[in-house]
Amino acid sequence: MRRPKLRAIFVLIFVGIAAIALSQEAQSPNPTASQPPEQVGDQNPAPPRISPQNMTPDQRAATTRNFLGLGATPDKAAAERGAPIYQQSCAFCHGPQGHGATGSSLITADEVLRDDHGEHLIPFLKKGRPEKGMPAFATMSDAELKDISEFIHLQVEDVANRGTYQVLNILVGTEEKGRQYVAGHCVPCHTPGAFAHIAGKFRSPEQLQRGWIWPTRAGNSSDTSLAMTTTVKAQDGTTISGLITQLSDFRLTLVDAAGQTHIVDRKPGTAIEIKDPLAAHQQFITTLTNDDMHNVTAYLETLQ
């Protein structure tokens, strides 16, 4: 098959976003144009939106599929039938999951992304591309080729649709070892009371684990406990301090105590001191082992 073009999948993503926007617009009636006055109001309220946390796995997968414009849902039964045929006839070149081997990856191949249920892939596979080393599969039946197509689409689904991902149980560590790690690595910066009821602040162990490894900065609230701050001393001796709102290698933007915004170029002669409450997290992440991570999460999960 042709070398995959990443541009194709980006185009599909943008097409999917546009399609969702258009469908939502089409489903939102204009009360002044299409409804009589007595119909305006809550006569036909929109169905309540379900948050991703409350969705079933199938709902999450369908929502993600629609957002990304991934096309039709693969036929899993057909993909199961096509798996052994693919492994025998295609895997040696394109890899067991279609990710590529001696041949190209099928995950972003144009011929795959343009196809839904074999309507394009079946004739393509029958013809092949002999000039590029891909044989024709003219002796295979349409049913067999369709099953191969569904198997390939399922591999794209497994890579692209994060809504189908299954989170495994991560509470596999040792609580006591986690308590010892917290005492040795976390208490020097945090008071012991900082961890009281920490597990109750998160919906799941997965979120708890992400939360303690890399806490989220509250970008749009009054909580600035994790915000980066700076003190800038210019060449003329002028000093300003405040919260950093933007930071790059070339300049930073800060808001001082009076609410004034300042843009500072990071150039020689300008002394800039930056304090980041998460600096310690940046450092310990480089040495954090899988066992440490699992142990600490198992311990913190007990602090409901």
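Predicted model: local features only at pLDDT ≥ 70, side-chain atom pairs only at ≥ 80, totals over all residues.
A search of the whole structure finds 2 aromatic pairs. One of them joins tyrosine 86 and phenylalanine 151, whose ring centres are 4.8 Å apart and whose planes make an angle of 40°, an arrangement classed as tilted. Because tyrosine 86 belongs to helix H4 (residues 76-89) and phenylalanine 151 to helix H8 (residues 142-160), this pair ties together parts that are 65 residues apart in sequence. Tyrosine 86 counts as buried, with 0% relative accessibility, and phenylalanine 151 is buried as well, at a relative accessible area of 8%.

The other pair consists of tryptophan 212 and phenylalanine 284, and it counts as stacked because the planes of the rings lie at 10°, with the centres 6.1 Å apart. Here too distant parts of the chain are linked, since tryptophan 212 sits in helix H10 (residues 205-213) and phenylalanine 284 in helix H11 (residues 279-285), 72 residues apart. Tryptophan 212 has a relative accessibility of 8%, so that residue counts as buried; phenylalanine 284, with a relative accessible area of 16%, is also buried, because the limit for that class is under 20%.

Tryptophan 212 leads on to the helix that carries it. Of the 9 residues of H10, 7 are buried, and H10 is therefore largely enclosed by the rest of the structure. Those buried residues are Pro205, Gln207, Leu208, Gln209, Gly211, Trp212 and Ile213. What do the buried residues of H10 pack against? They pack against H11, and also against helix H12 (290-300).

H12 in turn has its own set of buried residues, namely Met293, Asn295, Val296, Thr297, Ala298, Tyr299 and Leu300. These pack against H10 and against helix H9 (175-185). The axes of H9 and H12 come within 7 Å and cross at roughly 100°, which means that H9 is roughly perpendicular to H12, as angles of 65 to 115 degrees are classed in that way. On the H9 side the contact involves Glu175, Lys177, Gly178, Arg179, Tyr181 and Val182, and on the H12 side these meet Asp292, Asn295, Val296, Ala298, Tyr299 and Leu300. Sorted by class, the contact of H9 with H12 has 6 nonpolar, 2 polar and 4 charged residues.

Which residue of S5 is the bridge partner of threonine 229? That partner is lysine 275.

Terms used: Residues numbered from 1 in each chain as written. Heavy atoms only, no water. Phe/Tyr/Trp six-rings, centres within 6.5 Å; stacked < 30°, edge-to-face > 60°. Helix = DSSP H or I, 4+ residues; strand = E, 2+ residues; numbered from the N terminus. Buried < 20%, exposed > 50% of the residue type's maximum accessible area, 1.4 Å probe, protein only. Contact = heavy atoms within 4.5 Å. Pairing = 2+ DSSP bridges. Axes fitted to C-alpha atoms, helices over the stretch in contact; angles between N-to-C directions. Parallel < 35°, antiparallel > 145°, perpendicular 65-115°, else oblique. Nonpolar A, V, L, I, M, F, W, Y, C, P; charged D, E, K, R; others polar.
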